[in-house]
Amino acid sequence: MDNQVTPPKRNRSGKVVHTDQKQIIINLYKDILITEPEIMYDNLMTRVSVACGIGILTVKNTISEYKRTGKVSSPMNKKKRPTIIDKVDDFDKNAIRQKIHAFWFRREIPTLTKMIRVVNDDPDLPNLTRTSFQRLLKSMQFEYTKRDRNSALTEREDLVTWRRNYISDIRRYRQEGRTIYFLGETWVNTGDSSSRVWVDQGLTTGSHNPTGKGKRIIVVHIGSAEGFIAGGLLCFESKKNTSDYHDEMNGDIFFDWFCGVLPLLKDNSVIVMDNAPYHSVQTEQSPTSSWKKASMIEWLKSKGVKTNPSMIKFDLLKLVRKIKHKYNLYVVDEKAKKQNKIVLRLPPYHCELNPIELAWSVVKRYVKANNTTFKINDVGQLLNDGIQKVTPEMWSNFVSHTIKEEDKCWQVDYISDEMLDEEPTSHVLTITGLMTSDSENSD
C-alpha cells in the first residue's frame, strides 16, 4: 500500500482561528518565501491556505496584520467594559464643569487635588479616583496650565472657542429678533416614582413601586420662550436594554421627526440642538486613512483638487483636511436651510445652556409624583400631562435663566485669563502629560 500524506483538515467556516493557528500561518508564509522568494503573491496565499486548511481570506488578513504590527492578535472576544467616561453621564460632566467654573468665580485657582475633593464630597456626583478623574477631565477637553507650583485646570482652546462662538451667535440672533427654538431628548421609565405614593389605604412608602426600572419611553420635543410646540412631541417605547437612551435613536428616526417639525416653526428661526450622533449625520463622508488610495483621488477630483501619481495616502489626506470643512455638512442643517431656518449647535457638555432641560425636570417630576400603576400606557399619559404642565410662562423663565448661564460662561474666560496672568505661566500641558505628575503635592 502506497504511503499517502493525509491532507490537512479544513477549518470549519465561522470557527475562530486561534493564536497558535495564526502563528502556523506566519511560519508557513516565511518558510515558503525562503525557499521560493520569487513566488507570486496569489500563489503564495493559496499554498499557505491549502497547507494549513484555513480560508484564504483569513490567511491574507493574518499576514497583513503581522506585516503591520509584527505580531498576531488573540481572537478571544473580551467583553467591552464601560470606562469611567461612559459611566458618567452628560449631566454629571456638566455639574463637574460648573464646579470648576465656580472656583474661577471665587477667584481661586482650580487644581486637580481641590477638584477631586469637591466632586467626591458631593453625594450627587460619582466618587472618583485621581486617575479616573484625570481621564474624565481629558474627555471633557480640560488641560493643565502649568504655573509656579501648581497646575490650574483650564479648558482647551477649541472648546472655549466653540462656546464663545455659540454665545456670540445666539446673542446676535436674539438682537435680530429671531425666534429661537430649543430641541432635546430625554426618557421616562415606567418604574419611576416618588419615594412615597398615594394608594387606597392612604400615604405609604414606595413598597408598591416595582423593583426594576421597567420599560422606557424615549421622548423628543422642541420649544421656545413661547412654550412647547404643538404637534412637536415624539415618544416611543425603547426596545433596547441599554443605560443610554441615545443608543435607541438613529439618524432616520430623528430626520423623519425633524422634517415633520420644521413646517411648525416660524420663518427665519433658529434651532438649538446638541451634537448627538443622530443629529450629526453628514450629507457625505470625507476620506479617512482607511479609504483606498484610488477612492481618495476620486473624491478629491470630484471637488476640483488636482493630484499626481507620486502622491502617497499621507499627501492625499493633507489635501483632504484643507477642504473637508466645506463638505462636512449635516443632513438636518441642510434641510433646515431649505426652509429658511438655521441650526445652532451647543458646545459639548453644556446642557445648562439648553432651557429644555429645565422643562424636562418639571415633566419628570410630574410623572414620578403621579405614577402609581407603573404601566406603560399610564406613564405615557402622565408624560403628556406633564408636558402640558410646562406653561409658556415657565418656558420664558427657563430661557431667562439660560441667558444668565450664558453670561456666566462668557465671563469665566475673562476671569481665568486675568488670574493666570497675575503670576508667570510656563506652558500648557495635556492631562495625559501629568497623569503621574507630583506637581500638585503642594496644594
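A contact means heavy atoms within 4.5 Å. These legends describe a predicted model, in which local features need pLDDT of at least 70, side-chain atom pairs count only at pLDDT 80 or more, and totals for chains, interfaces and linings use all residues. Residues are numbered from 1 along each chain as its sequence is written, and side-chain values use heavy atoms, with hydrogens and water left out.

**View 1. V188 in strand β3.** V188 belongs to strand β3, which covers residues 180-189. Strands (E, at least two residues) and helices (H or I, at least four residues) are DSSP runs, numbered from the N terminus. Setting aside residues up to four places away in sequence, V188 touches K215, R216, I217, V367, V379 and L383. V188 counts as buried because its relative accessibility is 3%; buried means under 20% relative accessible area, exposed over 50%, and partly exposed in between (1.4 Å probe, protein chains only). The C-alpha atom of V188 is separated by 7.7 Å from that of V219, a residue 31 places away along the chain.

**View 2. H221 in strand β6.** Strand β6, residues 216-224, contains H221. With a relative accessibility of 3%, H221 counts as buried. A polar atom of the H221 side chain lies 3.5 Å from the backbone oxygen of G232.

**View 3. L262 in a loop.** L262 sits in the loop between α9 (251-261) and β9 (270-273). The relative accessible area of L262 is 0%, so this residue is buried. Apart from neighbours within four places in sequence, the residues in contact with L262 are I271, K335, A336, Q339 and K341. Between the C-alpha atoms of L262 and G232 the separation is 9.3 Å, and the two residues are 30 apart along the chain.

**View 4. The whole protein, for orientation.** The protein has 15 helices and 11 strands. Of its 443 residues, 41% count as buried. Among contacts between residues at least 6 apart in sequence, 69% join residues at least 24 apart. The protein exposes about 25400 Å², and carbon and sulfur atoms supply 51% of this area. Accessible areas come from the Shrake-Rupley method with a 1.4 Å probe; for residues, only the protein chains shown count as cover.

How values were computed. Polar contact = N/O pair within 3.5 Å; in protein donor to acceptor, adjacent residues only side chain to side chain.
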